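Good morning, colleagues. Please bring the model up on the screen, and I shall go through its features in turn.

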Amino acid sequence: MDRVLNMGIGTSLLFVYNADSGFFNTLADIGHKLFSPATYPCQLCAITHGVLAERGAWRDFIAALDLPREFLHRDQFLERFPGNGTPLPAIFRLVAGEPRVCADASAIAACAGLEDLQALIRQRCLRTTTHRRGQPDFA
């Protein structure tokens, strides 16, 4: 697979799941996915992971991103960025260490599957424009 894009120095992607970390939370999530998938609260998880593991096509897509990326659960995100009230799941660009939403919960929820999510990421999270001072900015 071709490399997707390099957004420049100091920028990375941060994927935040609407689920908490930890063994027992993971077990609860597995049960929720199995017995009530329609009410599962994390569309990012539902699209990128099966019941027990990350989907191979997602893993390949992420590996092809030519930039740093990080994945956090809700509790980890709130510990790192206290007071950030962004509805989750969400995808952020980290610019100089600060999260900027590039794909919000409603946009992720509108994705019918992995191809839609990948297109959303390409369109909203990887596209750059030029800032008036000649520095890259993000659309």
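**The disulfide and its surroundings**

Let me begin with Cys 102 and Cys 125, which form a disulfide with their sulfur atoms 2.2 Å apart. The structure holds one disulfide, and you are looking at a predicted model. The angle about the S-S bond is 95°, and the link of Cys 102 and Cys 125 is right-handed. Cys 102 belongs to strand E4, residues 98-103, and Cys 125 to helix H6, so the pair ties together parts that are 23 residues apart in sequence.

I stay with helix H6 for the next point. Helix H6 spans residues 114-125, and its axis comes within 11 Å of the axis of helix H3, residues 56-64, the two crossing at roughly 15°. Angles under 35 degrees count as roughly parallel, and H3 is therefore roughly parallel to H6. As for handedness, H3 passes H6 in a right-handed crossing.

Which residues make this contact? On the H3 side they are Ala 57, Trp 58 and Phe 61. H6 supplies Leu 114, Leu 117, Gln 118, Ile 121 and Arg 122.

Two points of backbone geometry come next. Most residues other than glycine have a negative phi, and most peptide bonds are trans. Against that background, the peptide bond from Leu 88 to Pro 89 is cis, with omega near 5°. Pro 89 sits in the loop between helix H4, residues 74-80, and strand E3, residues 90-95. Ala 96, a residue other than glycine, has a positive phi, near 55°. This alanine, Ala 96, is found in the loop between E3 and E4.

The average pLDDT of the protein is 81, and 74% of the residues score at least 70. Which elements have the highest and the lowest mean pLDDT? Among the elements of the protein, helix H5, residues 105-109, has the highest at 96, and strand E6, residues 136-138, the lowest at 42.

Two stretches call for caution. Over residues 1-9, pLDDT stays under 50, and the model has 27 contacts beyond four places in sequence for them. Over residues 129-139, pLDDT likewise stays under 50, and here the model has 19 such contacts beyond four places in sequence. Where pLDDT is low, the predicted coordinates should not be read in detail.

Thank you for your attention.

Note on methods
Residues numbered from 1 in each chain as written. Predicted model: local features only at pLDDT ≥ 70, side-chain atom pairs only at ≥ 80, totals over all residues. Heavy atoms only, no water. Axes fitted to C-alpha atoms, helices over the stretch in contact; angles between N-to-C directions. Helix = DSSP H or I, 4+ residues; strand = E, 2+ residues; numbered from the N terminus. Parallel < 35°, antiparallel > 145°, perpendicular 65-115°, else oblique. Left-handed = near helix turned anticlockwise from the far one by under 90°. Contact = heavy atoms within 4.5 Å. pLDDT = per-residue confidence, 0-100. Disulfide = S-S within 2.5 Å.
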